[in-house]
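Colleague: I have just opened this one and I'm new to it. Could you walk me through it?

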Number of protein chains: 2
Amino acid sequence: MEEYPSKLLQNAVEQFASLPGVGRRSAMRFALQLLKWEKAEAENFGRAFIELCREIKYCKTCFNISDKEECEICSNPHRSDRIICVVEDVRDVMAIEGTQQYRGKYHVLGGIISPMDGVGPADLNIDELVQRVENTSVEEIILALSTTMEGDTTNFYLYKKLKDSEARISTIARGISFGDELEYADEITLGRSITNRVPYEGTLSR
Amino acid sequence: MEEYPSKLLQNAVEQFASLPGVGRRSAMRFALQLLKWEKAEAENFGRAFIELCREIKYCKTCFNISDKEECEICSNPHRSDRIICVVEDVRDVMAIEGTQQYRGKYHVLGGIISPMDGVGPADLNIDELVQRVENTSVEEIILALSTTMEGDTTNFYLYKKLKDSEARISTIARGISFGDELEYADEITLGRSITNRVPYEGTLSR
């Protein structure tokens, strides 16, 4: 690798390059961009990450990222405590909130079971979910994890842990996306969408 | 856009997204990655950028990024003062240094003339170059800018400013890259490489 004319520059480039999917070339571009900014802007840039990691909290109930002890969703009295939607991380919460179709609570696992990445059940907020289901009157648990091997494994593990509770366990529907053409759908998805067909409601889908 | 569950998270994501070529999705991935790190690592991450912008210096002679008043190259007595290689930014210095083919000095313009981006001659270290050439006994000035419209414009502007000096003005050779196949070369490059043909030296090119 080339030699950097400055340790400060080298350090900044190496820090950027430690982000997922960022190579040396992009990292260098980022560092040179920073140098074009006002000093105050660059200070704010660096400080945002220090503050994020220093001050971030996780909701004591659902483990979503939050600025307070309990997140906005858990402390909202208009949302039902009877349904818990189990997701991998905050991005899924944001995506589901974006649909405005869900008025229950969440439980954020903080990852999914992935032996390849060294993530086991003990690394996730699974015991906390089981306790939460035991201690409150939950009627339904929606497993909303990715449709990957890891997602399926985690679903199965959660099912075994939760099946003796009072709560009904469901997963989000899999099928052909709106706007997708049938001929391009993969076989598993198409097969499942036929097996799990639903009554036609006689309305336009959008 | 979705609503963030935390201002701290939102701020970090927005800061990342202000980097060139980084969208919201990547920015979110970066922020969640930071949260997985040790606190000390994340502090070092943020601090690297604050220190970069607070403490970085530019060499008083060639304007390359440096940790000192004068850069390693300018203060190296084994490098010739008689040749100055004019480049756009520190990346070009690093690339040329990487070839180990050049033993002269540099002059870093800090950009190229680009009316579209609002960069004019006054924004670059051009007057400093002209003064440097006037005040020292420079024999050759190598213009090593990109082969773009902006690079050509800047070359022409520099030529007009420098042509009355004692120094010879040259540009780096354009032609077919080593390992490139002729049929895939663009017409301008191929045409120039024929016009500017050089005597065959009877040795293997690598």
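Modeller: Let me start with a term: two strands pair if DSSP finds at least two bridges between them. Helices (H or I, at least four residues) and strands (E, at least two) are DSSP runs, numbered from the N terminus. This is a predicted model, in which local features need pLDDT of at least 70 and side-chain atom pairs count only at pLDDT 80 or more, while totals for chains, interfaces and linings use all residues. Residues are numbered from 1 along each chain as its sequence is written, and chains are lettered from A and ligands numbered from 1 in the order in which they are written.

Colleague: OK, what is the strand order in the open sheet of chain B?

Modeller: The open sheet in chain B has four strands in the order 4-3-5-6, with parallel pairing. Strand 4 (105-108) and strand 6 (168-171) of chain B are its edge strands, each pairing on one side only. From one strand to the next the twist averages 25°, where axes are lines fitted to C-alpha atoms, for helices over the stretch in contact, and angles run from 0 to 180 degrees between N-to-C directions.

Colleague: How many bridges join strand 5 to strand 6 there?

Modeller: Strand 5 (residues 140-143) of chain B runs parallel to strand 6 of chain B, and four bridges join them. I141(B), for instance, has I169(B) in strand 6 of chain B as its bridge partner.

Colleague: And which order do the strands take in chain A?

Modeller: In chain A, four strands form an open sheet with parallel pairing, in the order 4-3-5-6. Strand 3 (residues 83-87) of chain A pairs with strand 5 (residues 140-143) of chain A in the parallel sense over four bridges. Within that pairing, I83(A) has E140(A) as its bridge partner, and I84(A) stands opposite I141(A). On to the next pair: strand 5 of chain A is joined by four bridges to strand 6 (residues 168-171) of chain A, parallel to it, and I142(A) stands opposite S170(A) there.

Colleague: Switching topic, what rotation superposes chain B on chain A?

Modeller: A rotation of 180° with 0.0 Å of shift along its axis does it, with an RMSD of 0.0 Å. That is the relation of a two-fold axis. The copies are superposed by least squares on the C-alpha atoms of residues with pLDDT of at least 70 in both.

Colleague: Which residue of chain B comes closest to the rotation axis?

Modeller: That is G46(B), whose C-alpha comes to 2.0 Å from the axis.

Colleague: Why do you say the copies meet through the same surface?

Modeller: Because 100% of the interface residues of chain B are also interface residues in chain A.

Colleague: At what angle do the two copies of helix 3 pack?

Modeller: Helix 3 of chain A and helix 3 of chain B pack at about 175°, with their axes 8 Å apart. The two are therefore roughly antiparallel to each other; angles under 35 degrees count as roughly parallel, over 145 as roughly antiparallel, 65 to 115 as roughly perpendicular and the rest as oblique. Among the residues that meet are F45(A), G46(A) and F49(A) from chain A and F45(B), G46(B) and F49(B) from chain B. The contact has 10 nonpolar, two polar and eight charged residues.

Colleague: What about helix 3 of chain A and helix 1 of chain B, is that crossing left-handed or right-handed?

Modeller: It is left-handed, meaning the near helix is turned anticlockwise from the far one by less than a right angle, whereas clockwise would be right-handed. The axes of helix 3 (residues 39-55) of chain A and helix 1 of chain B come within 9 Å and cross at roughly 150°.

Colleague: Last one, how do helix 1 and helix 2 of chain B pack?

Modeller: They pack at an angle of about 125°, with their axes 8 Å apart, which makes helix 1 of chain B oblique to helix 2 of chain B. The residues of their contact divide into nine nonpolar, no polar and one charged.

Methods. Contact = placed C-beta atoms within 7 Å. Nonpolar A, V, L, I, M, F, W, Y, C, P; charged D, E, K, R; others polar.
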